[in-house]
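Please work through each one before reading its solution.

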Amino acid sequence: MRTPEASSTARENAERAVDAVQDEADTYRNGEDRPLGGYAVLMSVYLTTVGTLGAVAAKRGRPMPRPDAGDLVVTALASHKISRIVSKAAVTSPVRAPFTKFDGPGGPAEVMEAPRRSSRIRHALGELLACPFCLDLWVVTALVFGRVYAPNLTRLVAGSFAALTGADFLHLAYAKAQQIAEG
């Protein structure tokens with residue numbers, strides 16, 4: 001059984017530790033509104049998901065994919081397109097709306113959005129969902145584990161989005177060629 005003095009000391013130590021963490025976070029933020037707690041939650045979700053999916057795959061004896069160069073190219077192209085669609089497409093704005101606010105039009109068929117700041121988690125999710133670079137890690141991870149659990153479907157989906165990436169670049173090249181021809 002703890003004595004009152006031991007409980008008081010433990011509480012004081014815990015309070016000092018919390019204060020030290022808060023001081024470090026404040027120093028890092030440098031006066032900016034950075035949702036470090038929200039980022040920590042997102043990292044925890046990501047690492048827990050990856051750890052769980054990896055452990056289940058290992059326990060079930062699922063073979064880990066050994067991607068060749070073509071797989072890497074398709075995964076990169078598919079990840080690029082999926083993350084752009086999720087983070088920037090006007091048509092997917094309802095998915096982002098609880099976490100972002102509209103700032104204006106972006107590139108072709110895209111919008112610019114800023115994270116909402118009503119809570120640290122909402123802010124962090126808003127940054128994640130509005131940033132194609134941030135989403136790439138999550139998308140690549142989903143495609144990799146898709147190759148573990150549903151390889152044929154994942155190849156079909158990844159190949160489709162990779163082809164869509166190519167089509168988008170052809171649209172942009174065609175539009176540029178028209179500008180040059182008219183210019």
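Ala, Val, Leu, Ile, Met, Phe, Trp, Tyr, Cys and Pro are classed as nonpolar, Asp, Glu, Lys and Arg as charged, and the others, Gly among them, as polar. The model is predicted: local features need pLDDT of at least 70 and side-chain atom pairs 80 or more, while totals for chains, interfaces and linings use all residues. Residues are numbered from 1 along each chain, and side-chain values use heavy atoms, without hydrogens and water.

**Exercise 1.** Determine which residues line the largest pocket, and how they divide by class.

*Solution.* 
1. The volume of the largest pocket is about 360 Å³.
2. Its lining includes His-80, Lys-81, Arg-84, Ile-85 and Ala-89.
3. Also among the lining residues are Pro-108, Ala-109 and Glu-110, together with Asp-168, Phe-169, His-171 and Leu-172.
4. At least two residues of this lining come from H3, and at least two from helix H7 (151-182).
5. Sorted by class, the lining of the largest pocket comprises six nonpolar, two polar and four charged residues.

**Exercise 2.** Identify the elements that give two or more residues to the lining of the second largest pocket, and state how that lining divides by class.

*Solution.* 
1. For the second largest pocket, the volume is about 240 Å³.
2. Tyr-39, Leu-42, Met-43 and Tyr-46 are among its lining residues.
3. The lining also includes Ala-124, Glu-127 and Leu-128, as well as Cys-134, Leu-137 and Trp-138.
4. Two or more residues each are given by helix H2 (36-59), helix H5 (120-130) and H6.
5. H2 provides the largest share, four residues.
6. By class, nine residues of this lining are nonpolar, none is polar and one is charged.

Key: On a 1 Å grid over the protein atoms alone, a cavity is a set of points where a 1.4 Å probe fits but cannot get out, and a pocket is an open set with protein on both sides within 12 Å along at least five of seven lines; lining residues have an atom within 4 Å of a point. Grid points are joined across faces, edges and corners, and a volume is the space filled by probe spheres set on the points.
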